[in-house]
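Subject: Structure for you to look at

Hello,

Here is the structure I promised to pass on. Please open it first, then read my notes below.

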Amino acid sequence: QATQTHLFCGLWGVIAFGLMHKEKGLITTGSGEFLGVQLTGVFFIMTFTACLTVAFFLTVKRRFHLRLSKIEEVLGLDCQEDEAKMQLEIIRLLDDFSSTNQAKLNLI
């Protein structure tokens, strides 16, 4: 939902401004110069955002572990927020027990 709200609506706002501006817009003047300026701005905003996003995620990937454990993937992240910590802990204990070759546990 963040993409629809922030990306597409933001882009439309910048482009619509270039189209419909009372004094410089494409619709009122017939000149696409101001719209070109707006589209150039869109390009630079998207480039800047992409560079920051890549830098952020590469830093986080190198510094922290982004993947969830297999158990957390199966159960979902809401288990941690919906007071299901005890159930998650029990499953982790069972998984640790199964990984010591004392028993086999199929979670999937």
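The structure holds three aromatic pairs. Rings of Phe, Tyr and Trp (its six-membered ring) pair if their centres lie within 6.5 Å; planes under 30 degrees apart count as stacked, over 60 as edge-to-face and the rest as tilted. Take phenylalanine 43 and phenylalanine 44: their ring centres are 5.3 Å apart and their planes stand at 75 degrees, so this pair is edge-to-face. Phenylalanine 56 and phenylalanine 57 also form an edge-to-face pair, with 5.2 Å from centre to centre and 75 degrees between the planes.

A word on where this comes from. The model is predicted, so local features need pLDDT of at least 70 and side-chain atom pairs count only at pLDDT 80 or more, while totals for chains, interfaces and linings use all residues. Residues are numbered from 1 along each chain as its sequence is written, and side-chain values use heavy atoms, leaving out hydrogens and water.

Are these phenylalanines buried or exposed? Buried means under 20% relative accessible area, exposed over 50%, and partly exposed in between (1.4 Å probe, protein chains only). Phenylalanine 43 has a relative accessible area of 52%, so it is exposed. Phenylalanine 44 is at 53%, so it counts as exposed too. Phenylalanine 56 has 49% and is partly exposed. Phenylalanine 57 has 44% and is partly exposed.

Now the whole chain. It has six helices and zero strands. From the N terminus on, the elements run α-α-α-α-α-α. Helices (H or I, at least four residues) and strands (E, at least two) are DSSP runs, numbered from the N terminus. Of the 108 residues, 16% count as buried. Contact means heavy atoms within 4.5 Å. Of the contacts with a separation of 6 or more, 20% are between residues 24 or more positions apart.

Next, helix H1. It covers residues 2–20, which is 19 residues. From first C-alpha to last it reaches 26 Å, close to the 27 Å expected at 1.5 Å a residue. The expected span is 1.5 Å times one less than the number of residues. The buried residues of H1 are Ala16, Gly18 and Leu19. They pack against helix H2 (26–29) and helix H3 (33–63).

Tryptophan 12 also sits in H1. It touches Leu19 and Met20, not counting residues up to four places away in sequence. Tryptophan 12 and valine 42 are 30 residues apart in sequence, yet 9.8 Å apart in space, C-alpha to C-alpha.

Then helix H3. Its 31 residues should span 45 Å at 1.5 Å a residue, and its end C-alpha atoms are 45 Å apart, which agrees. Its buried residues are Phe34, Leu35, Gln38, Val42 and Val60. They pack against H1 and H2.

Look at glutamine 38, which is in H3. Its relative accessibility is 15%, so it counts as buried. What does glutamine 38 touch, not counting residues up to four places away in sequence? The answer is Val14, Phe17 and Gly18.

Last, how do H1 and H3 meet? Their axes come within 7 Å and cross at roughly 165 degrees. Axes are lines fitted to C-alpha atoms, for helices over the stretch in contact, and angles run from 0 to 180 degrees between N-to-C directions. H1 and H3 are therefore roughly antiparallel to each other. Angles under 35 degrees count as roughly parallel, over 145 as roughly antiparallel, 65 to 115 as roughly perpendicular and the rest as oblique. On the H1 side, Leu11, Val14, Ile15, Phe17, Gly18 and Leu19 make the contacts. On the H3 side, their partners are Phe34, Leu35, Gln38, Leu39, Val42 and Met46.

Best wishes
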